[in-house]
Amino acid sequence: MAFRRGIKRSAFLLGLGAVLSAAFVAAGMFRPELLTDTAVIYEAVCRQLLLKTTVGRQALVSSVWWPPLAFLARLPAAALTGSQTYPVASLILSAVFGAADLFLLARMLRDAPLGAGRCVIAGALAAHPEFIRASCSGGTGTMALFLALLAAHGLMQWADARRLRYLVYFGAGGALLTLMGLDLILWTGLGVLLLGLDVARAGFSRARREAVMILGVLPAFYAAALWVLMNWLIMGDPVYFLRSLWMAGERLPGGNPLAPFGSADWIAAAVCALLAAVSLRRGHRSGAALALLGLGLPVLALGLAGADRLWGRDPLLPCLFPFGALALAHPAWDSGRFRNASRAARSFIPAALAAAAWITGPPSSAEGARGRGPAAAAASDAWVARLERHVKKQSPFVKVFACGYDSFALLGPRPPETFRHSLDFDFNLEFNKEARDYRGHALYVLVHRPEGRSAMDSIHWKYGGMFFYGVRSTLYDGDWDGWRLFEIIQAPRVLPEVGIAGGAEGSREP
């Protein structure tokens, strides 16, 4: 009987998850202005991977700011949706993980002594405008949140129960987070540090300490080593994806580094800091782990903002609200002076913050505010067509190499014949296979303005000041809506003369 009830409950949850996912996908289809440029880029790269192109493989591994897991997770859905130009696979991914986030949060709230207040907290996340936008935008925010919650759940439960499966949860979550970009690599490092401190204080034997660290830490190192190996095999440089960290060229000055932060972020950070103090004082291991992981989100975001490496709210800051809500629900509050605190108040604080988010709107630099709806796509296609007509006036045989990941958003999954994506362009044409393939063509390079994450593209750190000054073998042609076009000056080819009898007499000397 219990087995049958378990099957019915699982079927009900699967059905409810499918309904929620379908609702998020439908909202994304009917509100295309919610789509982000990143969703279009991920989708276009998936199409290139399915076509087995070199540029697709390069895009998969060549930048720490464009994580490989974000592409690989979309690949099955991209293969099933065929040659769609609309990013349906990205919408499916964000919708499915949006539903999974709610179920995982509900599971983590099961141990909270709040009664019906747990439903209020889960409902507050479901109604939060940033969470709804992330579930309908085709981005990776919901997937990052799921993996962060999975790793935090594993670390918290391991700290309390010392059960093997929770250590496996943390190891799996950490390994996947390692393939989600620099932001989450640093956050995973914080989790590994907390696990190491917990093991050091637990008084385990040496063999058990080694076993714990192997299960909890080794998967993340294995994932990082796999990323390095793929760079070595595909790019010819094991640390190519990290080059932008110390070789960034000239960049346009950024705006206010604190712009991505909202008032609710500071409230959630304060709650995590208070829970950390309470848990550390009382020796509550799971509360300390949750609070310190939650507090690490704004600290890392502030550090990246100070280094001018914070490209909007994703992926760190959207995780703050769920972690703050979990911190409010944690059992560590139900002891000592906090025992008489109103559980109802703790339950409804997240609901009040969610309502305030609807009233005040998202921070100005939220990624969802920079969408790619039909109007933006049509305007982009129009000037790309004008650019194609412009270069073809110079020569009927012409190729334009659009550099950087933004070229996938500009040209889409099926670029016009005149254009080619390029992520590792080399101005030494004798060593550039793409350029050698088009000998006799007029060649152009299209470079995006070096601002935000676009400044991390290899064209900028390989050729410092490329956008502003070009290089010795290029000639400035014009500006096109945030892009700059350069013509590549090629040495004239001296062809052999053909004699009357058809024999080659060799080239003429000047």
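A charge sits over a ring when NZ of Lys or CZ of Arg is within 6 Å of the ring centre and within 35 degrees of the ring normal. Arg-484 does this with the ring of Phe-467, its charged end lying 4.2 Å from the ring centre. This is a predicted model, where local features need pLDDT of at least 70, side-chain atom pairs count only at pLDDT 80 or more, and totals for chains, interfaces and linings use all residues. Residues are numbered from 1 along each chain as its sequence is written, and side-chain values use heavy atoms, leaving out hydrogens and water.

**Charge over ring**
- Arg-208 also puts its charged end over a ring, that of Phe-204, 4.1 Å from the centre.

**Aromatic pairs**
- Searching the whole structure turns up 20 aromatic pairs (Phe, Tyr or six-membered Trp rings with centres within 6.5 Å; planes under 30 degrees apart are stacked, over 60 edge-to-face, the rest tilted).
- Trp-66 and Tyr-405 count as stacked because their planes are at 10°, with ring centres 5.1 Å apart.
- Those two residues are 339 apart in the chain, and both are buried (under 20% relative accessible area; exposed is over 50%, partly exposed in between, with a 1.4 Å probe and protein chains only).
- Ring pairs also join Trp-66 and Tyr-405 into a cluster with Tyr-42, Phe-71 and Phe-408.

- Tyr-476 is partly exposed at 47% relative accessible area, whereas Phe-486 is buried at 2%.

Technical notes
Helix = DSSP H or I, 4+ residues; strand = E, 2+ residues; numbered from the N terminus.
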